[in-house]
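Please keep the sequence and the model in view while reading.

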Amino acid sequence: MKDFDDIPALMKDIGTKARAAAADLACAPAEQKRKALEIAADTLWARRAQVIEANARDLDYGRDKGLSPAMMDRLMLDEARIKGICDSLRSVAAQQDPVGQVMAEWDRPSGLHIQRVRTPLGVVGVIYESRPNVTADAGALCLKAGNAVILRGGSESFHSSGAIHACLVEGLRAAGLPETAIQLVPTRDRAAVSEMLAMTDCIDVIVPRGGKGLVGLVQREARVPVFAHLEGIVHIYIDKEADPIKSLAVVKNAKTRRTGICGAAECLLIHRDVADTIGQGVIRALIEAGVEVRADADLQTIPGTVPATRGDWGHEYLDSIIAARVVDDIDAAIAHIRRYGSNHTDCILTEDDAAAARFFERLDSAILMRNASTQFADGGEFGMGAEIGIATGKMHARGPVGAEQLTSFKYLVTGDGTVRA
């Protein structure tokens, strides 16, 4: 790894090149961007052995740092995961190009014809931790939306991200697009992050993707606008009209499929009327699957549970742990989520349409689900090909941030010698 003595100069150079590349990308033909992503996918698959070798170095680094099993799972790449990254690249490539899409158009009595048209944001900065697939997802989505991107991967994924980035650059080169359209910060030095957060002259928006510490730092210190979510404190509420078979399948999948992702369930709320039936069955199944269930007093009679403390409500575990409590009714569940949730993803399990409607109306999370695993809280699963992250704020992008969400718009106004009275 090369050391850089002058981080401000390094980042200024990267930012200047990104701004120049963004000007070219804004008018790049859709076919050219598609070609770049398809070639990147082909190159990544052809170099998969090299990527896995690079990832092995990162896994050694992660073990030495004492990363948790969930974080090591996020970091790990194998052939199946690399195939998934290639599939995501091709999926984004195949999507309709958002740049230039007419969002709305109308005529005015003055004689003006007005169009609202999608346009790139410009330069996107992405700061992420241990998931090397973000290198490909963010690079692909930003390119598709006509944006240049500056990627600052985590120290844990340094080698993996570099190997994936090289494949993206190969795609850009082969398609005749500027290679500086997708740049990876070539140092682990944390000073690079501080520089990015202040690059208001070069970066139009920052997207942090990682744990609470990273996202909180970015939200506190960034002078550039931010798309972010601080935590994924995901709740599942089992209603009194829940189907027991669906409930068992959904809760188990939502907690155990991958515990280290932001869509993993962290708190289970159970209607009092089904606590001794569906609730008990679900909790026993979680315990049998190796999940530590931190239960309130009403559920501690179930063998294998651990008493919950006040700190378990509103906690993001990212591990094989879930908090569980009994609530008197749907309104009590809603009140709990409003108090302890993070506006990321929340789910109701019910066959009662009125209960589902109330849940959807009374909560304002970025994603609300009914009878479906919260592990579907993902841009790829939403048909976006991939996501650069999930935004829980209310300005501009919200929920999974795909290519379309990485655009702004401009107004095109046409007259015929039209003057204002």
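Helices (H or I, at least four residues) and strands (E, at least two) are taken as DSSP runs and numbered from the N terminus. The model is predicted, so local features need pLDDT of at least 70 and side-chain atom pairs count only at pLDDT 80 or more, while totals for chains, interfaces and linings use all residues. Residues are numbered from 1 along each chain as its sequence is written, and side-chain values use heavy atoms, with hydrogens and water left out.

In these terms, the chain has 13 helices and 16 strands. Its radius of gyration is 23 Å, close to the 22 Å that the globule rule gives for 421 residues, so the chain is as compact as a globular protein of that length. The radius is taken over C-alpha atoms, and the rule is 2.2 Å times the number of residues to the power 0.38. The C-alpha trace spans about 70 × 65 × 35 Å along its principal axes.

Accessible areas come from the Shrake-Rupley method with a 1.4 Å probe, and for residues only the protein chains shown count as cover. The accessible surface of the chain is about 18,300 Å², and 49% of that belongs to carbon and sulfur atoms. A residue is called buried under 20% relative accessible area, exposed over 50%, and partly exposed in between (1.4 Å probe, protein chains only). By this criterion 52% of the 421 residues are buried.

Contact means heavy atoms within 4.5 Å. Among the contacts with a separation of 6 or more, 72% are made by residues 24 or more positions apart.

In soluble globular proteins, nonpolar side chains tend to be buried together. A nonpolar core is here a set of buried Ala, Val, Leu, Ile, Met, Phe, Trp, Tyr and Cys residues joined through side-chain atoms within 4.5 Å. The largest such core has 74 residues, and Val126 and Ile388 have the most contacts inside it. Helix α1 (residues 7–25) supplies the largest share of this core, 8 residues. Apart from it lies another core, of 30 residues, which includes Ala242, Val251, Cys262 and Val274. Not counting residues up to four places away in sequence, Ile388 touches Val124, Val126, Ala138, Leu141, Cys142, Val207, Arg209, Val401 and Leu406.

Strand β3 (residues 123–128) contains Val123, which is buried at a relative accessible area of 0%. Beyond its neighbours within four places in sequence, Val123 is in contact with Ala18, Arg19, Ala22, Ala148, Ile150, Cys202, Ile203, Asp204 and Val205. Val92, in helix α5 (residues 79–94), is also buried, with a relative accessible area of 0%. With residues up to four places away in sequence not counted, Val92 touches Leu37, Ala140, Leu141, Lys144, Met384, Gly385 and Ala386. The C-alpha atoms of Val92 and Arg284 are 192 residues apart along the chain and separated by 41 Å.

Next comes helix α11 (residues 275–288), where Ala275, Ile278, Gly279, Val282, Ile283, Ala285 and Leu286 are buried. The buried residues of α11 pack against β7 (234–238), α10, β8, β9 (292–295) and β11 (321–327). Gly290 follows α11 and has a positive phi, near 95°. The loop between α10 (244–256) and β8 (265–271) holds Thr259. Thr259 is buried, with a relative accessible area of 14%, and its contacts, leaving aside neighbours within four places in sequence, are Ala70, Ala264, Leu318, Asp319 and Ser320.

Is His344 buried or exposed? At 0% relative accessibility, His344 counts as buried, although it is found in a loop, the one between α12 and β12. Not counting residues up to four places away in sequence, His344 touches residues including His229, Glu231, Gly232, Val234, Cys262 and Gly263. Others that His344 touches include Ser365, Ala366, Ile367, Ala377, Ile390 and Thr392.

The loop between α12 (330–340) and β12 (345–349) also holds Asn343. Asn343 has a positive phi of about 60° although it is not a glycine, and it is partly exposed, with a relative accessible area of 38%. Asn371, which is not a glycine either, has a positive phi of about 55°. Asn371 is located in the loop between β13 (367–370) and β14 (390–391) and is partly exposed, with a relative accessible area of 24%.
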